[in-house]
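Hello,

Here is the structure I promised to pass on to you. Please open it next to this message and look up each place as you read.

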Amino acid sequence: MKIYPIEEWQIRETEFDVETNYRDETIFATGNGYIGMRGTLEEGYSGPPETTFNATYLNGFYEEYDIEYPEDGYGFARKGQAMLNVADAKTIKLTIDGEEFDLLKGKVHFYERILDLKKGILQRKIVWESPAGKKVEAEIKRIVSFPRPHVAALAVTIKPLNFEGELNFTSRIDGQVSNLTESKDMRVGAGLKGRGLITVDKEIEGTAAWIKQKTLRSGFSLVCALEHSLTPASGVKVSGCLDEDAVVIKFKLKASKGVPYTLFKYISYFTSRDYEEKDLVNLALREVEKAKEDSFQVLEKEQEKFLASFWEDADIKIEGDPAAQQGIRFCLFSLLQSTGRDGKTNIAAKGLTGEGYGGHYFWDSDIYILPFFLFTRPEIAKALLLHRYSLLDAARSRAKELGHKGALYPWRTIDGPECSAYFPAGTAQYHINADIIYALKRYVEVTGDVDFLWSYGAEMVFETARFWVDLGSYIPSKGNKFCFNCVTGPDEYKALVDNNAYTNYMAKMNLEYAVVVAEKMKRERPADYARVAGKINLKEGEIEEWRRAAAHVYLPYSRKMKIIPQDDSFLYKKRIPADQIPREQFPLLLHWHYLNIYRYQICKQPDVLLLLFLLREKFTLEDVKRNYDYYEPITTHDSSLSPPIFSILAWEIGYEEKAYNYFLHAARMDLDDYHGNTKDGIHAASMGGAWSAAVYGFGGMRLYSNGLHFSPIIPNRWKRLAFAIKYHGRKVKVTIERKVAHYTLVEGEALKIHHFGEEVLLKPGTTISKKVPPRRGAKFNLLSKGA
Ligand code: BGC
């Protein structure tokens with residue numbers, strides 16, 4: 001039994017349940033990449049406080065706090081940042097002839113809540129009878145506007161069914177909000193103590209109001225403003241009052257039986273992170289006035305139009321498998337809802353939907369989420385990279401603080417500083433540097449936007465290369481190879497190891513790319529090169545050092561076992577197959593001491609396997625299979641970042657059932673609440689991974705040095721898989737059936753691609769259909785090394 005009915009374009013619930021309310025608030029969260037609102041109820045909630053968390057977040061709006069260490073150490077991260085729960089504007093309390101509208105009181109005759117993925121609207125329909133027998137039909141709509149990043153709007157309609165009487169709508173902005181500071185799960189809750197925001201000013205004027213809040217330490221301000229209208233307007237009495245920490249506007253009317261009364265509430269948020277503090281009130285008021293003038297219906301239309309264009313580029317159609325279809329669409333929609341598009345923000349691990357991981361940005365963005373945007377909405381990928389560029393100064397300072405040259409990006413952050421208090425699985429994940437450069441390199445390869453490289457990227461590439469050269473050493477007992485010791489790879493169940501294979505390979509890629517970029521830049525853009533070199537004081541000799549280090553990076557390999565050891569000591573540890581661990585001990589990080597986790601061959605997530613996927617061109621199919629067979633049994637998948645990568649590789653080596661199951665797991669991670677913690681927010685990386693599993697896995701897409709390759713094969717239970725990708729100004733639609741694949745060049749000039757290794761020329765506006773060979777064991781033989 002699925003939690004929500006399987007429907008291809010919507011998420012629906014048909015019953016309101018206190019037990020699952022906390023989780024449902026995440027699933028029914030709405031956002032636009034800037035504002036994120038949890039799916040709490042407009043009318044308020046009288047259930048137990050531990051079954052709800054009412055929050056609104058603004059991407060990148062945070063408060064700082066001191067990280068405290070009873071046992072301190074040099075260079076430990078000092079300042080944490082937490083995405084703030086800001087003034088709540090979602091609330092509209094209702095009284096129905098003197099009785100409070102409350103789903104937990106009276107009787108609910110009909111209940112339905114729908115998140116419509118095409119319309120971008122959250123909607124509830126309820127027939128409710130008050131304890132005294134007054135029956136109403138209620139319809140409540142919520143939009144967080146995609147085209148207007150600062151705007152959200154509510155429409156609350158009440159129709160008396162069996163009475164005439166007084167209706168009261170009490171609309172509020174509530175400044176008394178705070179983040180979750182305590183949880184049994186260390187992955188949840190901000191390090192903030194007490195409230196992050198205080199209310200400094202507020203005002204009501206007619207049906208409009210605003211409230212201004214300030215953070216105590218980070219020095220930011222925000223203004224939240226409201227406007228309202230009520231239809232039918234005749235006989236409505238409006239009154240306002242300023243509470244200590246809130247603004248309240250009441251609408252009172254005599255309601256007739258059978259007549260629907262709708263209160264429209266327009267909400268805006270502006271902060272001093274984007275605008276001058278003195279302008280915030282005016283900006284916020286102007287925005288809600290404009291929304292009111294345009295009307296809710298216009299916002300609805302705009303929203304649908306925006307989404308029609310998004311789905312045109314981004315949709316993945318899966319015919320013959322509605323559960324997978326619903327799952328993948330929910331993933332893509334959720335990513336859009338939570339990803340910053342302004343170059344100043346990114347996507348937090350839990351998006352804008354919950355308190356998990358403090359609203360921090362991790363490598364999840366660069367490795368797991370960016371590819372989806374890169375191939376569907378490259379301008380968003382660019383905005384994400386611009387945000388990384390904006391953190392470069394902080395990354396330089398962090399490298400310096402740790403005694404290194406160049407730049408070291410933080411493992412987790414909002415605005416630049418390292419916010420991870422646990423350095424073994426934080427700062428030591430140096431691979432973050434290479435992950436960002438990998439994303440940048442891909443961006444340039446897929447879009448051809450070399451200007452971005454000259455203007456921003458090159459500086460990032462050079463500074464990270466500098467860092468790697470400084471971090472590593474030529475080690476005599478390793479044949480004078482260039483080694484990176486005391487690092488942590490992606491698998492957080494091993495820490496502070498020598499020569500983590502993922503890190504070494506990715507650092508090598510970073511160094512090689514730096515050499516390529518420097519040489520190309522000198523040749524093709526000497527003025528730009530001189531500018532960047534001048535700015536960072538780059539010496540000619542440094543490029544030689546990068547070249548030399550890259551050529552000598554130690555690449556772990558066990559000749560005996562013909563696998564890549566995860567790190568130097570990995571194979572010397574005792575192996576614990578994950579299926580021998582009692583189920584109730586997962587995730588291990590909540591039940592085992594790290595020392596015990598580190599002591600064994602047991603992995604949280606793919607490390608070597610992720611490397612094989614990312615740098616696929618460097619390895620053979622046999623490498624993939626042997627390493628997969630070695631690492632899969634000892635992987636717990638305690639991280640949601642795990643299943644999509646396993647799906648991609650399993651499909652490639654012919655483990656069809658496993659690949660399908662891993663895919664479904666990733667695509668429906670939150671809808672089915674596999675990890676039992678969806679309440680704390682969506683698993684954004686898994687959602688991005690699900691896109692990769694569909695396109696790179698079943699779609700068989702690979703980007704190699706000679707262009708785009710497809711070796712698509714779809715699961716037997718699917719009838720058709722269709723998606724579109726953008727590449728160098730082209731848009732290619734790929735439709736895969738069981739025996740044939742169709743490639744259509746929808747936009748742009750002719751393009752050469754490869755279908756199972758065979759060159760195919762796509763011409764504008766035409767479709768080329770190619771046979772899909774029957775699966776014989778593994779499928780990518782044609783794409784193995786040397787293809
Ligand atoms: C994973 C990390 C990931 C983080 C945030 C952890 O559980 O191990 O790889 O970056 O979650 O999603």
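Predicted model: local features only at pLDDT ≥ 70, side-chain atom pairs only at ≥ 80, totals over all residues.

Is Glu13 buried or exposed? Its relative accessible area is 4%, and buried means under 20%, so Glu13 is buried. The side chain of Glu13 has a polar contact with the side chain of Tyr111, at 2.7 Å. If you leave out residues up to four places away in sequence, Glu13 touches Tyr4, Asp24, Phe28, Tyr111, Glu112 and Arg113.

Next, find Thr91, in the loop that runs between strand 5 (79–85) and strand 6 (92–96). Thr91 has a relative accessibility of 12%, and because the limit for buried is under 20%, Thr91 counts as buried too. Which side chain does the side chain of Thr91 make a polar contact with? The partner is Asp88, and the distance is 2.7 Å. Setting aside neighbours within four places in sequence, Thr91 is in contact with Glu42, Thr170, Ser171, Arg172 and Lys265.

**Two pairs of helices**

Two packed helices are described by the angle between their axes and the distance between the axes. Take helix 6 (residues 378–390) and helix 9 (residues 450–471): their axes come within 10 Å and cross at roughly 45 degrees. An angle of 35 to 65 degrees falls between roughly parallel and roughly perpendicular, so helix 6 and helix 9 are oblique to each other. The crossing of these two, helix 6 and helix 9, is left-handed. On the helix 6 side, the contact is made by Lys382, Leu385, Leu386, Arg388 and Tyr389, while helix 9 brings Phe452, Ser455, Tyr456, Glu459 and Met460. Sorted by class, the residues in this contact of helix 6 with helix 9 are six nonpolar, one polar and three charged.

The second pair is helix 10 (residues 501–524) and helix 11 (residues 526–536), which pack at an angle of about 125 degrees with their axes 5 Å apart. Helix 10 and helix 11 are therefore oblique to each other as well. Here Ala518, Met521, Lys522, Arg523 and Glu524 of helix 10 meet Pro526, Asp528, Tyr529 and Val532 of helix 11. This contact of helix 10 with helix 11 has five nonpolar, no polar and four charged residues.

**Backbone details to look up**

Where are the cis peptide bonds to look at? One joins Thr231 and Pro232, with omega about -10 degrees. Pro232 is in the loop between strand 15 (221–231) and strand 16 (237–243). Another joins Phe586 and Pro587, where omega is also about -10 degrees. You will find Pro587 in the loop between strand 22 (574–575) and helix 13 (594–598).

Finally, visit the loop between strand 21 (481–483) and helix 10, where Leu496 is found. Leu496 is not a glycine, yet its phi is positive, near 55 degrees. Asn499 is found in the loop between strand 21 and helix 10 as well, and it has a positive phi of about 55 degrees although it is not a glycine. How accessible is Leu496? At 34% relative accessibility, Leu496 counts as partly exposed, whereas Asn499, at 0%, counts as buried.

Enjoy exploring, and write back with any questions.

Best wishes

Methods. Residues numbered from 1 in each chain as written. Heavy atoms only, no water. Buried < 20%, exposed > 50% of the residue type's maximum accessible area, 1.4 Å probe, protein only. Polar contact = N/O pair within 3.5 Å; in protein donor to acceptor, adjacent residues only side chain to side chain. Contact = heavy atoms within 4.5 Å. Helix = DSSP H or I, 4+ residues; strand = E, 2+ residues; numbered from the N terminus. Axes fitted to C-alpha atoms, helices over the stretch in contact; angles between N-to-C directions. Parallel < 35°, antiparallel > 145°, perpendicular 65-115°, else oblique. Left-handed = near helix turned anticlockwise from the far one by under 90°. Nonpolar A, V, L, I, M, F, W, Y, C, P; charged D, E, K, R; others polar.
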